[in-house]
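Subject: Structure for your review

Dear colleague,

Please find the sequence and the structure below.

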Amino acid sequence: MKIRKLDDYRWEIPAEGGMRVPGLVFADEVLIKAIDKDNSLKQVANVAHLPGIVGRSLAMPDMHWGYGFPIGGVAAFDVEEGVISPGGVGYDINCGVRLVTTALTQEEVRPSIKTLLETLYRDIPTGLGSRGVLKLSRSEVRRVLEQGSAWVVKQGYGDSADLEHTEEGGAMAGAEGEGLSERAVARGLDQVGTLGSGNHFLEIDRVETIYDAKTAGAFGLFEGQVTVLIHCGSRGLGHQVCDDFLKMMMRSKELAQMDLPDRQLASALVSSTLGQRYFAAMAAAANYAWANRQVVMHLARGSFEKALGLGPARLRMNLLYDVAHNIAKFETHSVDGRERRLLVHRKGATRAFAAGHPDVPSAFRAVGQPVLIPGDMGHGSYVLVGASGAMTESFGSSCHGAGRVLSRKAAKLKAKGRALAEELSQAGVEVRYTGRSTLAEEMPEAYKDVDRVVEVVHQVGLARKVARLRPMAVIKG
Amino acid sequence: MRRYRLIDHTADMGMYLYGRDPKQVFISGAAVLFELLVEGRRQGPGKWEALALDGLDRQDLLVQWLGELLYIYSARGQVLTGARVQRLTRTRIEAEIGLTAFDAAHHKRRTEIKAVTYHQAEFKRHGAGWRARVIFDV
């Protein structure tokens, strides 16, 4: 793949063949070498073939080979001539992460960490095929699809302050529950409040380092503080929505004229009936994911109360923020000095709006949107804040994690014969897991160096470092 | 003849499926999918049900076939015990699939596969037989 170094952190893929725009990858010398080993640069170029793409086909430093879009890909499309692509959102629609702050310090929690972990593991359905505590009727699923977090809050799972600290308030406008297939709805009946498996997790962290005291203060973070990071998505319902619409788009007449290099990029014009139907269904699945994380957080609050014998007033478990990693959203961005309404696809990327943006919750508008970057379970995670560079260079986006560097097979080979849980425990991280192979696949070495990934977005100015978190205990599905 | 070879994909999982004819590729794909999904006894008795699917071409048909079997497992909780392909054209498969309910006493869930993707999907002649490629989202 032809790639041209622009500076220490920017690499261009020149527009060739059917590419409508160039590609741009944010990475340093070390990361780009790792990226170049798989097919992800080709995928950046493939995305650049899509009709109506604006600016450049972008990729974040945590990027790796996905299907269709690369993981870590960002692409914006004109709302008249451009497309919406289910493969640009992914199967796990609104897979995302939320961070809960507490009033507790690590010294207070450390002696009870094993009890706390066991309680969380017992209370939160985890792993393959897990079923939630909520058993919804079909009409209730449709309410979740249209009202998102607000509906579960009304049922007693959390409070209204949580909604203000969730991207889109936990309910995306334009969602239509009626647009989902019977299969999708059926798969959503018993999965609200479940973590799932794979790379999904719940992690208890401590704030290890504060880089920006003013912003950390605005976010309610302090050194030594215990926080909870929750990563999950829309479960089987989201997978089904993606599957259903990919199938429909593959069969549309529009697609035949697009001449795309990968079938997984099957798309529809944003302005077409099919494109609008997919957007409404995707938004509904995104709402389901927000409701899912809201219920998981509520269960975690209950586990903390039980395990530590402390009330909510003492725990002060406040939602700092919840961000989506896999989503397409209508946003206004400045392109060549002109404000344009665009459909921004983030496939394994985080919105990172800078200070002053009207979509940033009022509590954070003076500093910018919290950007949450889970790393791996051995090393740590970051809290960043959206910066002005994101508004000029990446359609208000940043990275979403460390990004895989080892395949699952390679990770399992590397883990063979090792007692990973014991290794992590000796390093101060207690682990509870459902599947031994998941633990091996998700081992710390399977991921890139999160410090390096975050340094790139910090140096480019897409998001600035606020705090680094260090894991204390992790639940893996 | 080898039935399959796993593809080392960074985040997901892929496989090459082999068969002396397209029918065998479809049957191998079904068996390998369930080897990845479930550990434990997958033999009968179970019950048989008919499954007919239409695709745009062989690649699409294979994605549909594996996707439907994945749905039967993920959403209906049924484990495949066998597959008989009665009729196969480039765009249609008519088959009978043997199913038994997932039972934690006999089965253990192995890998979560979210979906069968179209990414790099292929289905073509390979030496004296046929080879297909599919990538799963895991």
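This is a predicted model: local features need pLDDT of at least 70, side-chain atom pairs count only at pLDDT 80 or more; totals for chains, interfaces and linings use all residues.

Residues are numbered from 1 along each chain as its sequence is written, and chains are lettered from A and ligands numbered from 1 in the order in which they are written.

Chain B

Chain B has 2 helices and 9 strands (DSSP runs numbered from the N terminus: helices are H or I with at least four residues, strands are E with at least two). Along the sequence, the pattern of chain B is β-β-α-β-β-α-β-β-β-β-β. The radius of gyration of chain B is 14 Å, close to the 14 Å that the globule rule gives for 138 residues, so chain B is as compact as a globular protein of that length (the radius is taken over C-alpha atoms, and the rule is 2.2 Å times the number of residues to the power 0.38). Of these 138 residues, 44% count as buried (20 or more other C-beta atoms within 10 Å of the residue's own, with C-beta atoms placed from the backbone).

An open sheet in chain B is formed by 4 strands in the order 1-2-9-8, with antiparallel pairing (two strands pair if DSSP finds at least two bridges between them). Its edge strands are strand 1 (4–7) and strand 8 (115–126) of chain B, each of which pairs on one side only. From one strand to the next, the twist averages 15 degrees (axes are lines fitted to C-alpha atoms, for helices over the stretch in contact, and angles run from 0 to 180 degrees between N-to-C directions). Helix 1 (residues 22–37) of chain B packs on the sheet and touches strand 1, strand 2 (13–19) and strand 9 of chain B (contact requires C-beta atoms, placed from the backbone, to lie within 7 Å). Strand 8 and strand 9 (residues 129–137) of chain B are joined over 8 bridges, and Val116(B) has Phe136(B) as its bridge partner in strand 9 of chain B.

The contact between the chains

The contact draws 24 residues from chain B and 32 residues from chain A. On the side of chain B that touches chain A, helix 2 (58–74), strand 8 and strand 9 of chain B each give two or more residues. Strand 8 of chain B gives the most, with 5 residues.

Chain A

In chain A, the axes of helix 10 (residues 235–250) and helix 12 (residues 273–308) come within 9 Å and cross at roughly 170 degrees. Helix 10 of chain A is therefore roughly antiparallel to helix 12 of chain A (the term applies to angles over 145 degrees). Residues of helix 10 of chain A in this contact include Val241(A) and Phe245(A), and those of helix 12 of chain A include Ala281(A) and Ala285(A).

Strand 19 (residues 463–476) of chain A has 13 of its 14 residues buried, so it is largely enclosed by the rest of the structure. Strand 19 of chain A runs antiparallel to strand 8 (residues 201–210) of chain A, with 9 bridges, and Arg206(A) stands opposite Arg470(A). Strand 16 (residues 380–386) of chain A also pairs with strand 19 of chain A in the antiparallel sense, over 6 bridges. Strand 18 (residues 430–433) of chain A runs parallel to strand 19 of chain A, joined by 4 bridges.

With kind regards

Notes:
Two residues are in contact if their C-beta atoms, placed from the backbone, lie within 7 Å. Angles under 35 degrees count as roughly parallel, over 145 as roughly antiparallel, 65 to 115 as roughly perpendicular and the rest as oblique. A residue is buried if 20 or more other C-beta atoms lie within 10 Å of its own, exposed if 12 or fewer, and partly exposed in between; C-beta atoms are placed from the backbone.
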